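Trainee: Could you walk me through this one? I would like to ask about a few pairs and packing sites as we go.

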Amino acid sequence: FGYVLIFFALLAPPLKISSSLPLIRVDEILIYLFCPLILLTTKSTHSFHIKAVVFIKLYLLFFGIFVISTLYGKFFMNVPVGKRDYFELVSTIKYLILFISFSKISISKGEFRKILYFILLLIIISGIFGLLQYYSLFGLDTLTAPLYLQERLHIFDNRITGTFKNPNTFSSVLLIGHIISLSFFLTTKNIIEKYINFIAILLLVILLLFAGSRTVLFIYFLLTIILLALGIFSSDVSKKQITFLISFLAVGFIISISFLSYEIISRLKSGFDILGDESLGLRILVWYFNFQIFLESPIIGWGPAKALHPIVVDNEYLLILRRHGIIGLLIFLGIYLYPLKVAFKNFWINKATPYYLDLIILFIIISFGIANITNSMFFSAQIMDFWIVLLGLYFAHLKSDDSYAELS
């Protein structure tokens, strides 16, 4: 079920069931249909790891402040609460159900490895599909772009979006693929695996350039430097292999630039002129406007208030602050920081021989944390549906780690 869910989350377009209802994804339908069945049929002996229980409690607190802020907005701030607000509430509890379903099962490290390679393969397929659509090959621009992009159809030939709607969001997904492939490259001793991940790393940097997200490219360079440093000092990978990888990445980077459109190159160049960047200037105006809204109800916010306030804020932390106040933001940060703490602690314990899974979870959360300054991961169902599966499985695998430690 996990494989099917991840497949539809990463590759399938949303479905339009009714003009009066928001678009719904196939993976969401699967979650609502099968996750309750998983919970009902899972043996009672399959308990949660204590760390998964802590995460569930944190998430329940966030859901609680979500409900409170929505009710406060409706009854005290005269917010018109409608269908879209209720759907937001349903989506929020959906992630909790998804996490509970997957964090309770048993999974071996070998099976987890297969899932990660499956995710990497799907991300690469999505990227290649995006390139074909970008260059209008096989008529994909007329056949598939309207399904994936909807009202953003005009951007299909400016930047690649893969099987996603937003190129910035897709860039974050490509970065996840890079983190997976680079972590495997640094930790595996199998030479065939090293070559496979080496090819994936080269392909993903090309796709990232075509996606054209300046924030994600900054995160890419930052995390790559840190991961390579860890590879040199904490694993068996040789300096020769690191030099080989960096050299080919540089060549791939230079060659890719010659194929980029004028729009992408101009966009990337503007990232070096922060004061003159029109896009950043507009973002700052939006942030200022939303911060003023937050100041009118700073403790628990307004609730989603989709009919009253702008939906697009381009900063997840400010969006949460506006919707659920200071209390909501502090709890929301815990949803990211607690798994980060768990992954870092596990990595630190095994830093002499770092475990690829701890590295992957650790650096994905860091990438989300930075990307959320100009984007919003939590409110992208396509990313969250597969990320919560991955996170739930990570907490589930901690049980097998404990069992191994007891046997040792």
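Trainee: Are Glu28 and Lys94 buried or exposed?
Mentor: Happy to start there. This is a predicted model, where local features need pLDDT of at least 70 and side-chain atom pairs count only at pLDDT 80 or more, while totals for chains, interfaces and linings use all residues. Residues are numbered from 1 along each chain as its sequence is written, and side-chain values use heavy atoms, with hydrogens and water left out. With buried meaning under 20% relative accessible area, exposed over 50% and partly exposed in between (1.4 Å probe, protein chains only), both Glu28 and Lys94 are buried.

Trainee: What is the N to O distance in the salt bridge of Glu28 and Lys94?
Mentor: A salt bridge puts a side-chain nitrogen of Lys or Arg within 4 Å of a carboxyl oxygen of Asp or Glu. For the side chains of Glu28 and Lys94, the N to O distance is 2.8 Å.

Trainee: Which residues join Glu28 in one network of salt bridges?
Mentor: Look at Lys94 again: its side chain also meets that of Asp385 in a salt bridge of 3.0 Å, N to O. That pair links distant parts of the chain, Asp385 in helix H16 and Lys94 in helix H4, 291 residues apart. Helices here are DSSP runs (H or I, at least four residues), numbered from the N terminus. Through shared partners, the residues in one network with Glu28 are Lys94 and Asp385.

Trainee: How many residues apart in sequence are the parts tied together by Glu88 and Arg323?
Mentor: Glu88 forms a salt bridge with Arg323, with the closest N and O atoms 3.7 Å apart. Because Glu88 lies in helix H4 and Arg323 in helix H14 (residues 316-349), the pair ties together parts whose separation in sequence is 235 residues.

Trainee: Which side chain makes a polar contact with that of Thr374?
Mentor: Thr374 sits in the loop between helix H15 (356-371) and helix H16 (381-407), and is buried at 15% relative accessible area. A polar contact is a pair of N or O atoms within 3.5 Å; within protein, one must be able to donate a hydrogen and the other to accept it, and residues adjacent in sequence count only if both atoms are side-chain atoms. At 3.0 Å, the partner of Thr374 is Thr215.

Note on methods: Helices (H or I, at least four residues) and strands (E, at least two) are DSSP runs, numbered from the N terminus.
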